[in-house]
Amino acid sequence: KSQKSIIKLFQSTNNIGSTPEFYALGYIYDEEDNNERAEYYYNKAIENDPNGENNITAYVHYRLAICCKSGDERIEGIKNAIEINPQYSKISFKLGYFYILRRDFANATKEHNALIALGASKEAATLDKGIKAFQGLQGY
């Protein structure tokens with residue numbers, strides 16, 4: 001109910017138009033599994049900040065990829081988010097995770113190395129454990 005109230009509040013004001021507002025609406029619809037509306041608002045957030053000047057834009061690209069894309073399009077969407085903000089280690093971690101799930105250990109290792117270069121040792125260590133664990137399962 002609270003999500004619907006927030007949506008109504010946003011929609012009742014004529015001030016909708018900032019990247020964070022569009023992102024918030026996209027996220028709410030995303031959480032409700034309304035991917036069509038989520039995709040619409042995520043794309044509006046991106047259109048509002050095409051050069052990625054707002055700090056949230058990289059995360060919007062990430063959420064759009066996770067919510068509304070699959071396969072190679074999902075990977076490309078996450079890479080796009082990293083291009084916008086290469087310092088955002090959580091997105092590199094998630095990309096590495098998706099590579100692990102695809103059994104693409106070479107690219108997962110590249111993301112692991114990128115995390116080390118960013119100084120994100122906790123995420124790098126977790127990703128490294130995932131790579132090793134999944135590589136160990138390959139024989140099964």
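**Ground rules**

I am working on a predicted model, where local features need pLDDT of at least 70 and side-chain atom pairs count only at pLDDT 80 or more, while totals for chains, interfaces and linings use all residues. Residues are numbered from 1 along each chain as its sequence is written, and side-chain values use heavy atoms, with hydrogens and water left out.

**Entry 1: overall make-up**

I looked up the secondary structure and got eight helices and zero strands. Helices here are DSSP runs of H or I, at least four residues long, strands are E runs of at least two, and numbering starts at the N terminus. Along the sequence I read the pattern α-α-α-α-α-α-α-α.

I then checked burial: of the 140 residues, 36% are buried.

Residues 24 or more positions apart account for 47% of them.

**Entry 2: salt bridges**

How many salt bridges does a search of the whole structure find? I got five, counting a side-chain nitrogen of Lys or Arg within 4 Å of a carboxyl oxygen of Asp or Glu.

Glu39 and Lys69 meet through their side chains at 3.5 Å, N to O. The pair links distant parts of the chain, 30 residues apart: Glu39 is in helix α3 (residues 35-48), and Lys69 is in the loop between α4 (57-68) and α5 (71-84). Glu39 is partly exposed at 26% relative accessibility, and Lys69 is partly exposed at 25%.

Asp72 bridges to Arg102, with the closest N and O atoms 2.7 Å apart. Here too distant parts of the chain are linked, 30 residues apart, with Asp72 in helix α5 and Arg102 in the loop between α6 (89-101) and α7 (105-118). Arg102 comes out partly exposed at 42%.

Asp128 and Lys132 form a salt bridge at 3.1 Å, N to O. They are separated by about one helical turn, because they sit four residues apart in helix α8 (residues 121-137). Is Lys132 buried or exposed? With a relative accessible area of 54%, Lys132 is exposed, whereas Asp128 is partly exposed at 23%.

**Entry 3: two residues in α4**

I clicked on Thr57, which is in helix α4. Thr57 is buried, at 1% relative accessible area. Leaving out residues up to four places away in sequence, Thr57 touches Thr19, Asp49, Gly52 and Ile84.

Arg63 also lies in helix α4. Is Arg63 buried or exposed? I find Arg63 buried, at 13% relative accessibility. With the neighbours up to four places away in sequence left out, Arg63 touches Tyr23, Tyr27, Asp30, Glu31 and Tyr42. I also noted Arg63 and Ile78, which are 15 residues apart in sequence and 8.5 Å apart in space, C-alpha to C-alpha.

**Entry 4: the cores**

A nonpolar core is a set of buried Ala, Val, Leu, Ile, Met, Phe, Trp, Tyr and Cys residues joined through side-chain atoms within 4.5 Å. The largest one has 19 residues, and those with the most contacts inside it are Ile78, Ile91, Leu95, Ile100 and Ile131. The elements giving two or more residues to this core are α4, α5, α6, α7 and α8. The most come from α6, with five residues.

Another core, of 13 residues, lies apart from this one, and Tyr23, Leu25, Ala45 and Ile46 are among its members.

I looked at Ile100 too: beyond four places in sequence, Ile100 touches Phe105, Ala108, Leu127, Gly130, Ile131 and Phe134.

**Entry 5: helix α6**

I checked the length of α6: its 13 residues reach 19 Å from first C-alpha to last, close to the 18 Å expected at 1.5 Å a residue. The expected span is 1.5 Å times one less than the number of residues.

Which residues of α6 are buried? I listed Ser89, Ile91, Ser92, Leu95, Gly96, Phe98, Tyr99 and Ile100. Their cover includes α4, α5, α7 and α8. After α6 comes Arg103, with a positive phi near 65 degrees.

Key
Buried < 20%, exposed > 50% of the residue type's maximum accessible area, 1.4 Å probe, protein only. Contact = heavy atoms within 4.5 Å.
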